[in-house]
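Me: I would like to go through this model slowly, asking at each step what a label rests on. Please set each value against its cut-off before you conclude.

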Amino acid sequence: MYRLLLRCNSDDWGDAEMTAINAVTDLTTDGELGVITIDSPPVNALSADVRDGLAGAMAAAVADDAVKAIVLICAGRTFIAGADISEFGKPPRGAALHDVQARIENSPKPVVAAIHGTALGGGLEVALVAHYRVAVLSAKFGLPEVKLGLLPGAGGTQRLPRVVGARKALEMVTTGTPIGAKAAAEFGLIDAIVDDLRAGAIHFARRVLAENLPLHRVRDKPVLGVEEGMFDAYRRAQAKTFRGFEAPEANIQCIEAAATLPFDEGMAVERRLFMGLMTGLQSKAQRYVFFAERQANKVDGLDPDAPLLPVKSVGVIGAGTMGGGIAMNFLNAGVPVTIVETRQEALDRGVATIRRNYDNTAAKGRMTAADVDTRMGLLTPTLDMGALKDADLVIEAVFENMDLKKDIFGRLDGIAKPGAILASNTSYLNVDEIAAATSRPDHVLGLHFFSPANVMRLLEVVRGAKTDGQVLATAMATAKTIGKVAVVSGVCHGFIGNRMLEQRQRQAMALIVEGALPEQVDRVLFDFGFPMGPFQMSDLAGLDIGWSAETSKGETIRDRLCEAGLRGQKNGRGFYDYDAQRNRTPSPVAEKIILDYAAEKGVNRREVSDAEILERCLYPMVNEGAKILEEKMAQRASDIDIVWINGYGWPVYRGGPMFWADSVGLAKVAEALGRYGIAPAALLARLAAEGKSFTGAV
Ligand code: 3H9
């Protein structure tokens, strides 16, 4: 094997003394094969350098008479994982991806793509212009552009259906979910699964030469599996999932074009729709969220390479809905959990709920019975808190009461081993006060899970005044292990998410007194993109959470609803009446309570516009977000957005409250707040006056 040194940026590769292609692309030879290796960490994204290098290497390999076939492979953890998203929206540089692909597809010498890791987006689109594809068993293949508010813009929508058929392609581009190597082989997306990638790909390429196999070009194939009416049927079936998003429809139209038009015309449709999405606000928001999510895991001032504490066993105190859900996260990740309750009956009920949840997942085919047994086998239920003595991490998930929590942490302090992390799942309470009940406040923090804790992606990691950096870093890493998106919050009432939610709830309640009705408020927020509005949410959570008949003074609408026996979804009566299928209709009882309340307070009810509802529910949240930033309770504006997208159903295509406020314009937000009698936060007022934004991303 020898290594060719190639000259950069030249179309004339005729002379033999070649110079380096570039820093991220290599061409070596192995007998009659040219092996192009891309090495551009972390994920070999198709940056300008990679495109230039690939174009140069292809030209060199084609020009070299000694090279008869070409293998395209990547170094590091993955095959090309897509276009370089950080280049989007910036002035174009380097070779155009389409031109690079044309060099591969039109190469007179067979090109074999050798795939490991994740061949995603532009990466799969590059693989699709190779004449053959081989992969290791662990490789994954997907076109996830839809998750960035885009569609595959490098021929993916036209080539993928020519390989996997119209239906599978439709599913893959609209969900963005990748498939594994086995499925890829079944669908003909890869030609072979190999053990050793490089050796296997070289072997395969030699076979292509030895057997004189043809230069397969995907573009020349027909699209199979097209059925009358399939696209409209798919639109109808997915309408709920795709609600509000622009990209899924554009993706469908592209596959439809592939199914009905010649290849080049389909490519033109893809190009047009791609550019439309790329320049739109939704994709901008979704790309921002992609980076914001990764940024959230980074804690300012902490060394990312510092050693972490071990988290090999976990204790959970409380086997209620939250405790059980929290435990499941760790069981799913293969971490043993000891779960503690005070009464046998509560413990049994909690364990039974966990099992039922797993059984339901297994019944849906998303887990095997053996998986259920493995997970349940990792769970140790007990009434003895002393059993937590060996746990690396203990999470308290009991009733939201400061005295109770302090008592538990005081006892835990005497039980847990030195170095163990002690966490509270409190959603509002002062973590510093809880920490002060122990002799080791540096090892205490908040881990605020969202319900259902085994499903919701958000984890607020609450950093106490004394929380040690290593403890915090370990919590952030642990969050990643259990598949959560973690955001650091300082200690304040309700932390980031609930503190902002409180503003929305306050306005929503005021609006129904002033003249709106719950269904109007809910509709406006649903149309904005939330899965449900505030009153539906209250019904779902239960109107009587934190309410008791003994202490009720009948002073608020909520008191009166509860006193009238309205509890929300759990008893079928709340702001809405619910039938057995949970279909809802506005409750005349609730409406009368609201109207009577307003009359009693002397409110002259008026018509409230949808625009006012939206502004009054959302701008005060943004304002609170600004205060959270001012007080340094959140590290950055984008962390707030990540909280709201992953914990409260803020539509991702609107980028979170802070990004959204930027897109509206902060001067407009500040002016409207003033109009509604709310003083803009100092940060908001300043940014608005300076014509600046929270995120700098719009
Ligand atoms: C596309 O291809 C459009 C085309 O149709 C063509 C248009 C003409 N670009 O996630 P991780 C960074 S659209 C730039 O933590 P993991 C990421 O920010 C693209 N940077 O690792 C992070 O940086 P940092 C279609 C990227 O192992 C670091 O890499 N492709 C890109 O958990 C590690 O990332 C996709 O949408 C990128 N494409 O997961 C795939 N990808 O360390 C997007 C990653 O500074 N990527 N980075 O925070 C992923 O899904 C995951 O990153 C992946 C690895 C599964 C690859």
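Me: What makes the contact between the side chains of Arg 355 and Asp 373 a salt bridge?

Reply: In this predicted model, the N to O distance between the side chains of Arg 355 and Asp 373 is 3.6 Å, and the cut-off for a side-chain nitrogen of Lys or Arg and a carboxyl oxygen of Asp or Glu is within 4 Å, so the pair counts as a salt bridge. Arg 355 belongs to helix H13 (residues 344-363) and Asp 373 to helix H14 (residues 369-377), so the bridge ties together parts that lie 18 residues apart in sequence.

Me: Are Arg 355 and Asp 373 buried, exposed or partly exposed, and how do you know?

Reply: Buried means under 20% relative accessible area and exposed means over 50%; Arg 355 has 33% and is therefore partly exposed, and Asp 373, with 46%, is therefore partly exposed as well.

Me: Why is the pair Arg 675 and Glu 615 called a salt bridge?

Reply: The N to O distance between these side chains is 3.8 Å, which is within the 4 Å limit, so the name applies. Because Arg 675 lies in helix H26 (residues 666-675) and Glu 615 in helix H23 (residues 610-630), the pair ties together parts that are 60 residues apart in sequence. Glu 615 has a relative accessibility of 14%, under the 20% limit, and so counts as buried, whereas Arg 675, at 48%, counts as partly exposed.

Me: Which residues are linked in a network of salt bridges, and how many salt bridges does the structure hold?

Reply: Asp 232, Arg 235, Glu 249 and Glu 256 are linked in such a network, and the structure holds 42 salt bridges.

Me: Why does the radius of gyration of the protein chain agree with that of a compact globule?

Reply: With 698 residues, a compact globule would have a radius of gyration near 26 Å, and the protein chain has 29 Å, which agrees. The C-alpha trace spans about 90 × 60 × 50 Å along its principal axes, and 54% of the 698 residues count as buried. The protein chain contains 27 helices and 20 strands. Among its contacts with a separation of 6 or more, 72% come from residues 24 or more positions apart.

How values were computed:
Residues numbered from 1 in each chain as written. Predicted model: local features only at pLDDT ≥ 70, side-chain atom pairs only at ≥ 80, totals over all residues. Heavy atoms only, no water. Helix = DSSP H or I, 4+ residues; strand = E, 2+ residues; numbered from the N terminus. Rg over C-alpha atoms; globule rule 2.2 N^0.38 Å. Buried < 20%, exposed > 50% of the residue type's maximum accessible area, 1.4 Å probe, protein only. Contact = heavy atoms within 4.5 Å.
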